[in-house]
Protein chains: 2
Amino acid sequence: MRMGELTRRAGVTSATVKWYIRIGLIPRGESTARNQAVYDERHLHRIRLIRALLEVGRLSVEQVQQLLAAVDDPALSPADIAAAAHAAISRPTGHADGDEALPVVDDYLRARGWSIAPDSPARRDLAAVLSALGRLTGPVGNDVAAPPAATGADIAHLLDPYADALEPLAVAEVTGLPPREQRAELVERIVLGTVLMDQAISALRRLAQESAFHASVDLPAGRREP
Amino acid sequence: MRMGELTRRAGVTSATVKWYIRIGLIPRGESTARNQAVYDERHLHRIRLIRALLEVGRLSVEQVQQLLAAVDDPALSPADIAAAAHAAISRPTGHADGDEALPVVDDYLRARGWSIAPDSPARRDLAAVLSALGRLTGPVGNDVAAPPAATGADIAHLLDPYADALEPLAVAEVTGLPPREQRAELVERIVLGTVLMDQAISALRRLAQESAFHASVDLPAGRREP
DNA sequence: GATAGTGGATAGCCCTACTATCCAAAACAA
DNA sequence: TTGTTTTGGATAGTAGGGCTATCCACTATC
């Protein structure tokens, strides 16, 4: 196919496709003349993947670049691909705030028996959340500039129900992956299972919450009367 | 306190605080002279909340504005606040792509017995995920321009384990909220429980996945040999 | 032969979230 | 008192992200 069909089927403009080619997100088409090239299904699929990561997965173009570079590296193991996908959905490094809660996170991970690399971005992300929660939910009038002990281990135990629920899901995801022989399917499952399922889980939680609010209003249960 | 102390304790520059005031994210300080004003703990807490929503929650300034407008509206019910928080973490409206999967989502919600408002942004977000998954994981060479039946109900049943795990969590979150009398605590719990816990859940899932990968490599289980 | 489409390159655009500068008027320090 | 710092308020500018528009010399198609 040529540019017109590619852009029509992918739902993007040719200017965008050309830009993606220039920044290395997709390979050039096969040249057939000085100003002609043909594209195949792989180009189409790649663009759809990029759009899904950008629009549904809310990644930045830079994050997509790094993730696809990992996808295209045949030397990487499934765990490496997963690490790249995890890095892609983590907040950009440089935010050093919240690192004072890292010891709390590490204690928590140790208590759960999870072995996590020290440079795992999710570790710092979780620390940032706990740090923010500690700063915001401290004693009613939070006085001191940087409350050091407020981010105690007592705030981490509120993660338990979530970790309990997520752990078996994660195990099932990892053990249910395709065999290493089907590398293309395996890699794509890891990427989509990380980036898109993250959004699906977020949406499902919101839907479950909305339904729970609905139920709590309709069935007073004890606080409200008819 | 005056500007200097406020910015030192909040960790932002005075230019940023002035900008937040101008766009209505925080109220002006109480004027004591033509070019003097005093701020109190509420200002400080508000700035910390804004920074948490922006940096940890990854909201845009516009999303924070709309969410805080709901927070400041005493006429809104807890469900209304939750709806505002849900809207804040949803992808901006205007993305109409993925709407062809809305019937699948609606079927799924009906099957689960969840009652969801038709304009719920999470509903469209979930449809966008399913649509993207359907487009990307169709038959090996996806041929047609817009595969209409590929996004079948068969793809939705893979949500079941996640929905099963999230539903009791959501119920516990909603029923465990503070009473309506403590409006400030209630509203803040809803906002933080929605926006920040979303990030915490994402981080926990990545950590659980990393740990599961670690375990699957160390304990071959059947596919790999020592 | 007329019309539309193409590859490649460069420049420009819009948006977001600040940041820098300016000013006259306090505030504090010696 | 005098010098230095800080402040409120306003306006203009900036850096980065993600495209978009335009141009040109070709090809393709009718």
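This briefing describes chain A as a whole and then one helix of chain B. The model is predicted. In chain A, the secondary structure consists of ten helices and two strands. In chain B, attention falls on helix H3, which covers residues 41–56.

**Chain A: order of elements**
- Read from the N terminus, the elements of chain A follow the order α-α-β-β-α-α-α-α-α-α-α-α.

**Chain A: burial, contacts and surface**
- Chain A has 226 residues, of which 49% count as buried.
- When contacts in chain A between residues at least 6 apart in sequence are considered, 61% of them join residues at least 24 apart.

**Helix H3 of chain B: length**
- Helix H3 of chain B has 16 residues, and at 1.5 Å a residue it should span 22 Å.

- The buried residues of H3(B) include B:Leu44, B:Ile47, B:Leu49, B:Ile50, B:Leu53 and B:Val56.
- Also among the buried residues of H3(B) are B:His43, B:His45, B:Arg46 and B:Arg48.

- The N-terminal end of H3(B) is capped by B:Asp40, which has a side-chain oxygen 3.0 Å from the backbone nitrogen of B:Arg42.
- Just after H3(B), B:Arg58 adopts a positive phi of about 60 degrees.

Notes: Residues are numbered from 1 along each chain as its sequence is written. Chains are lettered from A and ligands numbered from 1 in the order in which they are written. This is a predicted model: local features need pLDDT of at least 70, side-chain atom pairs count only at pLDDT 80 or more; totals for chains, interfaces and linings use all residues. Side-chain values use heavy atoms; hydrogens and water are left out. Helices (H or I, at least four residues) and strands (E, at least two) are DSSP runs, numbered from the N terminus. The expected span of a helix is 1.5 Å times one less than its number of residues. Buried means under 20% relative accessible area, exposed over 50%, partly exposed in between (1.4 Å probe, protein chains only). A polar contact is a pair of N or O atoms within 3.5 Å; within protein, one must be able to donate a hydrogen and the other to accept it, and residues adjacent in sequence count only if both atoms are side-chain atoms. Contact means heavy atoms within 4.5 Å.
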